[in-house]
Amino acid sequence: MKKLFISAIAILGVLLSANAQDALIVNTQGREHVSLNGTWHYIVDPYDTGFYDYRFKERPEKDAGAYWNNSEPKGPTQWTEHGYKAPYNIQVPGDWNSQDHQFLYYEGTVWYQRNFDRPSAAVGKDVYLYFGAVNYEAHVYLNGKKLGMHKGGFTAFNFKIPKELLKDKDNFLVVRVDNRRHADEIPTVNTDWWNYGGITRDVELVMVPEHFIQQYNLQLDPSQDIVAAKKKGKYKLSGWAKMNAPAAGAKVSVEIPELKLKKEFAIQGDSVAFNFEANKIGLWSPESPKLYQVKFALGNESVSEKIGFRKIEVSGKKIILNGSQVFLRGISIHEEIPQQIRRAHSVKDANQLLGWAKELNCNMVRLAHYPHSENMTRVADSLGLMVWSEIPVYWTIEFGNPEVLVKAKKQLTEMVTRDRNRASIIIWSVGNETPVSPTRTTFMSTLAKMAKKLDGSRLVSAALEVGYNEGVNHVDDPLGEYTDIVALNEYLGWYRGTPADCRTAKWSVAYDKPFFISETGAEGNFGFHADKTARFSEEYQEWFYQEQIKMFENQFPDSYSGISPWILADFRSPKRNNPTYQEGWNTKGLISKDGQKKKAFYAMQAYYKKIVDKEKAANNKQ
Ligand code: GCU
């Protein structure tokens, strides 16, 4: 009982302290919006002087020394010690680390500021301030008033701007961003990636009427037998829409012009469920990534976007897409443009990273280890790449801390809420390589069950732990009870032994589920050529993959369902300090930090091509 009481208090504490943001508006690009991207001003504030006074007490709202207040001196006699002006300029979106050498390793507070005028489209509308992501903690102020705060570096959030706060001209917008790492956060203090800080994704003003469709979902009804539906050419679609406030008696229409479909549904309270049939849907798949323009309307307000319809499921030891077995020809990707050493965020960035995956003959990407930008998942929809999307419950999280579980649940909810209409996403992952213990498995299984509850139409996974004793690799991580596939990271031949050991490796797997290698890889420096036994050579990395692939094909002929090598491109990590071969880079990329393809890239590209050709030959025989 005492434990329950503590958890309840902890949860309340996190929620109350969170100045919780408003429910997320999905698909801002499909609504009336104005971008606030561009040049902002900044103050670097490692001592949080803008937040605390000299006694380190939080400054009162009207305090002239608070950095959320406009301190423009009104004449030569006025004293002020902060301000926002050139040349202290910073680009939004964008991490600060890559914008100025002083920020390369900076972990702390940076204040961002810009002015904006009320958009003409805001007349008679409600205005929300929307952030694609801020790493890690954001406190948002407008005209000296706090709108709220958000924690979590990779998920979107928004605040409704009180009407009385918005001025016609020169609205003074300030965001305090703090990217410090903390043991009780998600992720925790220890990660093998760069802690890029800042307003790393788009910022927008979103204009909506008093009553609007805040969130919605439309998909192939997960309960239907997709093979029978394909035979009949008749499909069941289901979904829902959630309004920002009760609108009983009103109706929501769903329109798919290409299918000559338009249906109306009466709202109950603040939401409405959709169920209707559609003929001749072109199902979404990597080979044919068909997307339909879908328009949701409430009165004269509408929001539309492109949605693909497909069904993903598991059957025994196989992954099934639209009724047929699918092998995931994957690659893991960090959200980073290696040539410019910066966080990826734009459509152009997404096309670069996912274009490389397509060149590799992939049909799937593992977006590690956190939700990537909405541009990545939308481009994956259009390119036909299945996606593994993951929350950064990574390594040594504080599994026994109820507040940390609340934070993980919040990030999981935010990830699913933003992207549940993305056909490309087939897997929600609740974490990566978390050390096995009863406390951890309770924590992780809670997340796995919650993911299923949030969205029963996709597979739930996590990168499980592999045990090793008496010469056998044991895949019996108790978390595997709660995931739809057995996904694991393993580095036999890099962190243990050599690639030759793959030939005699023994495995035992405790689960009759599809077996997916969510990570495997070795470092290779582009241009370093040597005997294949020389560590960090391209030849070693190539040899590693040759041996690994043989091992999985031989050991798991009936359950081996895919692989997503670690990793597409070399990436920055403060943990990689070999002065000759790493210098702050993890060089397991199949592509170098300068965008050059290594021998291992071509080895995997040929391997995937062989699989494609084999599948085509098998299909032609049918
Ligand atoms: C781990 C981890 C990755 C890390 C990789 C490596 O499996 O999941 O985040 O970068 O190993 O050691 O390179």
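1. D170 is partly exposed, because its relative accessibility of 47% falls between the 20% and 50% limits. The model is a predicted one. Phi of D170 is near 50°, a positive value in a residue that is not glycine. D170 sits in the loop that runs between strand 8 (157-160) and strand 9 (171-178).

2. Another residue with positive phi is F536, at about 75°, and F536 is not a glycine either. This residue belongs to the loop between strand 33 (515-519) and helix 7. Is F536 buried or exposed? With 11% relative accessibility, F536 counts as buried, because the limit for that class is under 20%.

3. Two cis peptide bonds deserve a look. One joins A86 to P87, with omega near 5°. P87 lies in the loop between strand 2 (38-44) and strand 3 (89-92). Another cis bond runs from A368 to H369, and there omega is near -25°. H369 is placed in the loop between strand 25 (364-367) and helix 4 (374-383).

4. On the cysteines: how many disulfides does the structure hold? The count is zero. C362 has 5% relative accessibility and so counts as buried. C502, at 3% relative accessibility, likewise counts as buried.

5. Helix 8 covers residues 599-621, which is 23 residues. From its first C-alpha to its last it reaches 33 Å, close to the 33 Å expected at 1.5 Å a residue. Its buried residues are A600, F601, M604, Y607, Y608, I611 and V612. In an α-helix, residues three or four places apart point the same way, because there are 3.6 residues a turn. Which elements cover the buried residues of helix 8? Among them are strand 21 (328-329), helix 3 (347-359), helix 7 (538-555) and strand 34 (560-563).

6. Helix 8 also figures in the largest pocket, giving the most to its lining, with nine residues. The space in this pocket is about 1,100 Å³. Its lining comprises 34 residues, and nearest the centre lie Q325, V326, F327, I611 and E615. Strand 19 (318-321), strand 20 (324-325), helix 7 and helix 8 each supply at least two residues of the lining. By residue class, the lining holds 14 nonpolar, nine polar and 11 charged residues.

7. Searching the whole structure gives two cavities of 30 Å³ or more. The largest cavity has a volume of about 110 Å³. It is lined by 13 residues, of which N135, Y136, R181, P187 and N195 are the closest to its centre. Four nonpolar, six polar and three charged residues make up this lining.

8. The second largest cavity holds about 50 Å³ of space. What lines the second largest cavity? The lining consists of I333, H334, E336, P338, L353, I567, L568, A569, D570 and F571. Seven of these residues are nonpolar, one is polar and two are charged.

Conventions
Residues are numbered from 1 along each chain as its sequence is written. This is a predicted model: local features need pLDDT of at least 70, side-chain atom pairs count only at pLDDT 80 or more; totals for chains, interfaces and linings use all residues. Side-chain values use heavy atoms; hydrogens and water are left out. A disulfide is a pair of cysteine sulfur atoms within 2.5 Å. Buried means under 20% relative accessible area, exposed over 50%, partly exposed in between (1.4 Å probe, protein chains only). Helices (H or I, at least four residues) and strands (E, at least two) are DSSP runs, numbered from the N terminus. The expected span of a helix is 1.5 Å times one less than its number of residues. Contact means heavy atoms within 4.5 Å. On a 1 Å grid over the protein atoms alone, a cavity is a set of points where a 1.4 Å probe fits but cannot get out, and a pocket is an open set with protein on both sides within 12 Å along at least five of seven lines; lining residues have an atom within 4 Å of a point. Grid points are joined across faces, edges and corners, and a volume is the space filled by probe spheres set on the points. Ala, Val, Leu, Ile, Met, Phe, Trp, Tyr, Cys and Pro count as nonpolar, Asp, Glu, Lys and Arg as charged, and the others, Gly among them, as polar.
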